Amino acid sequence: MSVVTEPPPVKPFAAGVAGETGAIVEGLMAVNRVLGEEPDILSPEFPVVETADYEKEMGPHLRKVYASWPSLVSPENLVDIKLQTMKWEQQKQNAPGGRRRANLDPGYIFSGGLVLSTAKFRGHRLPLGKGIWGELTLNFHQGQFMSFPWTYLDYQRPDIQVWLMMMRQNYMAALKNKR
């Protein structure tokens, strides 16, 4: 017989995409307000070269930053974090013509990989509540991140995975100290 247990806490994570550094910073500051702290790990800006999906809305020459926060939280918090970032995108970051200036993708890192949140359903995503879906974007197996057919191409890049690995190592150390 199964026994219900609480999941271990997770490390909050977010990626911000924009054409302007200032818009990325503002977006990450919105996540700071939700979490009540600043990031412990912040990647450099990486050029978005894998997709042109956001260019129509945000313009060319987009950049992306990956960040994590130090305090571990319940994985259930992801729903509220995503809803708050969506609210920020809709209310405070409209560019001329009602377009977003930045896109925020919150998620979390845990021992098994990296989970992203979204408001868009796809067959491989699971409902988390309040219209938010969770996607296991990267699986951690045999000492490395492994992708899936649906994993965004930037999350498969070795130069970005270096930063994600640093975040996971920080998470594992924090989890060990919590015990």
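So, how many residues sit between β7 and β8 in their hairpin? Two residues lie between them. Helices (H or I, at least four residues) and strands (E, at least two) are DSSP runs here, numbered from the N terminus.

Before I go on: this is a predicted model, where local features need pLDDT of at least 70 and side-chain atom pairs count only at pLDDT 80 or more, while totals for chains, interfaces and linings use all residues. Residues are numbered from 1 along each chain as its sequence is written, and side-chain values use heavy atoms, with hydrogens and water left out.

Okay, back to β8. Two strands pair if DSSP finds at least two bridges between them. β7 and β8 are antiparallel, with four bridges, and F110 has G113 in β8 as its bridge partner. β8 also runs antiparallel to β10 (residues 132-141), joined by six bridges; there, L116 stands opposite E135. And six of the six residues in β8 are buried (under 20% relative accessible area, with a 1.4 Å probe and protein chains only).

Now the largest pocket. A pocket is an open set of points on a 1 Å grid over the protein atoms alone, where a 1.4 Å probe fits, with protein on both sides within 12 Å along at least five of seven lines; lining residues have an atom within 4 Å of a point. This one holds about 720 Å³ of space, the volume being what probe spheres set on the points fill. Its lining has 34 residues, and Y54, N103, D105, K120 and Y152 lie nearest the centre. Among the elements giving two or more residues to that lining are β7 (102-110) and β8 (113-118).

Methods. Buried means under 20% relative accessible area, exposed over 50%, partly exposed in between (1.4 Å probe, protein chains only).
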